[in-house]
Amino acid sequence: MRDRLIVGLDLPTLKEAERAVRELEGAVSFYKIGYQLAFAGGLDFARELASGGTKVFLDMKLLDIDNTVAKGVENIVKMGMTMLTLHAYPKTMRAAVEAARGSELCLLGVTVLTSMDEQDVIDAGYEYDPHTLVLRRSEQALHAGMGGIVCSAEEAEAVRRIVGPDMAVVTPGIRPSGSDHGDQKRVVTPAQAIRNGSSHLVVGRPIVAAPDRRAAAEAILAEMQSA
């Protein structure tokens, strides 16, 4: 299960991220770096982790004109990243797939953010409810040749039926039983996520904000193992 738990280094400084990685050494082998840390020196840190054999999920949620996305993906391939997110717009996905062709970079299509519920999706101008939109974008990601999908674990079972056994189904919004949901609205426990068909679980605050990060990670791993 160690390779299926991705710890989100959602921390404000590089120093704190380095400390978290030291504390989790031996228990965790996969980390997510998003906007917060990326803009505090996290991109160089991502390269450093990857060069040492650690898996890195670069959570950039790319969305731009095709050429801009493609050029960005080409450089991210050179960084040695394991996973990269982009919004699951068909043209964007096709451009990224072509740019990453021949590499080991797993491209992930972000369907609907786990902080969004039905009203949020309506307010954003979509005609579909979150579940329907997730499934529609999963089909589009499959046809575009993407490596995987990012969705809520609530939708993982339905997504798995669409994308088959080989694509990654990466689920954030994971919260151990009894923990605070924070700003997440569509949350699932680690064990339930595994049972639903998630290939990878992204866990940030329940681990990095815990008094004992290693113990928190090990408890989540044990819960995943029990599924």
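Q: Where is Lys61 found?
A: Lys61 is found in strand E3, residues 55–62. Strands (E, at least two residues) and helices (H or I, at least four) are DSSP runs numbered from the N terminus. This is a predicted model, in which local features need pLDDT of at least 70, side-chain atom pairs count only at pLDDT 80 or more, and totals for chains, interfaces and linings use all residues. Residues are numbered from 1 along each chain as its sequence is written, and side-chain values use heavy atoms, with hydrogens and water left out.

Q: Why is Lys61 called partly exposed?
A: The relative accessibility of Lys61 is 22%. Buried means under 20% relative accessible area, exposed means over 50%, and partly exposed is in between (1.4 Å probe, protein chains only). Lys61 therefore counts as partly exposed.

Q: What is Lys61 in contact with, leaving aside its neighbours within four places in sequence?
A: Contact means heavy atoms within 4.5 Å. Lys61 is in contact with Tyr35, Thr85, Leu86, His87, Val110 and Leu113. Its phi is near 45°, a positive value in a residue other than glycine.

Q: Which UniProt annotation covers Lys61?
A: The unreviewed UniProt entry gives "active site" for Lys61. Positions from UniProt are in the numbering used here, feature names are shortened, and annotations may be inferred rather than shown by experiment.

Q: What makes Tyr35 and Phe39 a stacked aromatic pair?
A: Rings of Phe, Tyr and Trp (its six-membered ring) pair if their centres lie within 6.5 Å; planes under 30 degrees apart count as stacked, over 60 as edge-to-face and the rest as tilted. The structure holds one aromatic pair. For Tyr35 and Phe39 the values are 6.0 Å centre to centre and 10° between the planes, hence a stacked pair. Both residues lie in helix H2, four residues apart, about one turn of the helix.

Q: Why are H1 and H2 called oblique?
A: Helix H1 (residues 14–24) and helix H2 (residues 35–51) pack at an angle of about 40°, with axes 9 Å apart. Axes are lines fitted to C-alpha atoms, for helices over the stretch in contact, and angles run from 0 to 180 degrees between N-to-C directions. Under 35 degrees counts as roughly parallel, over 145 as roughly antiparallel, 65 to 115 as roughly perpendicular and the rest as oblique. H1 and H2 are therefore oblique to each other.

Q: Which residues of H1 and H2 meet?
A: Leu14, Ala17, Glu18 and Val21 in H1 meet Leu37, Ala40, Gly41, Phe45 and Leu49 in H2.

Q: How do you know that Ala100 is buried?
A: Ala100 has 6% relative accessibility, so it counts as buried. Ala100 lies in helix H4, residues 90–100. Leaving out residues up to four places away in sequence, Ala100 touches Val73, Val77 and Leu107. Other buried residues of H4 include Thr92, Met93 and Val97.

Q: What makes Ser138 buried?
A: Its relative accessible area is 0%, so Ser138 is buried. Ser138 has its place in helix H6, residues 130–144. Beyond neighbours within four places in sequence, Ser138 is in contact with Thr111, Ile149, Val159, Ile162 and Val163.
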